[in-house]
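Have a look at the sequence and the structure first.

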Amino acid sequence: MALERFDILTFNKQTKNIMDAVSSLVVVMDEGGRITFINQACTDITGYCFSDVEGRYIWDFLFCPVYAAEARRAFHDLISTHKPCHGKTVWRARDGTSNLISWSSQVIKGASDDKISVIATGVGVSQQAVAALGIDGIAHDFNNLLTVIIGNLEILQDYVKAPEGHALIGDAIISAGQGARLIESLCRNNG
């Protein structure tokens, strides 16, 4: 695969323009997990521009605490196994809103074999559900409600002091995410 030898750390202007033109989210991280690139779609959905996130760990600010440890573990598993991984996670934007994102990530070898990066591409799950149905009806509205519920629960975690409260909120976030995945599945099966 041609990308395996691509030096992802030396993006030129043309490469950046191509990455910014795609509607999918694109994040590139170094082998330690620090962000080295985000495309315009990431900026649009999160409200963070590249200068806001450069060198930061994605799990330190985009994930609610419930998902941060899981994201770190998945990243380190990817680095150690070099096996592509796929999953869904909730991102918290700068304005506090939440987005359920379906991700695919893989290790990319640089021009020299000792340099590796991780490239992750994603798409909003509600976008997938609407596309599967071909309408903007009930499924889209329900996913919007779940996104608001997840976002409010994540914000509520910042105000709850008791560990039991955090656990209950975490369970509610997970359940709302499962609801979103269920809607996506129903849309796929009925589309």
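Q: How much space lies in the largest pocket?
A: About 530 Å³ of space lies there, where a volume is the space filled by probe spheres set on grid points joined across faces, edges and corners. A word on the source: this is a predicted model, in which local features need pLDDT of at least 70, side-chain atom pairs count only at pLDDT 80 or more, and totals for chains, interfaces and linings use all residues. Residues are numbered from 1 along each chain as its sequence is written, and side-chain values use heavy atoms, with hydrogens and water left out.

Q: What makes a space a pocket, and which residues are closest to the centre of the largest pocket?
A: On a 1 Å grid over the protein atoms alone, a pocket is an open set of points with protein on both sides within 12 Å along at least five of seven lines, whereas in a cavity a 1.4 Å probe fits but cannot get out.

Q: Why is S1 called largely enclosed?
A: Buried means under 20% relative accessible area, with exposed over 50% and partly exposed in between (1.4 Å probe, protein chains only). Six of the six residues of S1 are buried, so the rest of the structure largely encloses this strand. Leu-25, Val-27 and Met-29 point one way, while Val-26, Val-28 and Asp-30 point the other way. For the whole chain of 191 residues, the buried part is 40%.

Q: How do you know that S1 pairs with other strands, and which ones are they?
A: Two strands pair if DSSP finds at least two bridges between them. Six bridges join S1 to S5 and three join S1 to S2, so both meet the definition. S1 runs antiparallel to S5, with Val-26 opposite Thr-121. S1 also runs antiparallel to S2, with Val-28 opposite Phe-37. In the hairpin of S1 and S2, four residues lie between the strands, and Gly-33 has a positive phi near 105°.

Q: What makes S3 and S4 a pair, and how many residues lie between them?
A: Eight bridges join these antiparallel strands, and Arg-92 stands opposite Ser-98. S3 and S4 form a hairpin with five residues between them. S4 is in turn joined to S5 by nine bridges, with Gln-106 opposite Ile-119.

Q: What makes a group of residues a nonpolar core, and how many residues are in the largest one?
A: A nonpolar core is a set of buried Ala, Val, Leu, Ile, Met, Phe, Trp, Tyr and Cys residues joined through side-chain atoms within 4.5 Å. The largest has 37 residues; Val-27, Met-29, Ile-35, Ile-58, Phe-63 and Trp-91 touch the most other members. Its largest share, six residues, comes from H4. A second, separate core of six residues includes Met-19, Val-26, Val-28 and Phe-37.

Notes
Helix = DSSP H or I, 4+ residues; strand = E, 2+ residues; numbered from the N terminus. 1 Å grid on protein atoms, 1.4 Å probe; cavity = no way out; pocket = protein on both sides within 12 Å on 5 of 7 lines; lining within 4 Å.
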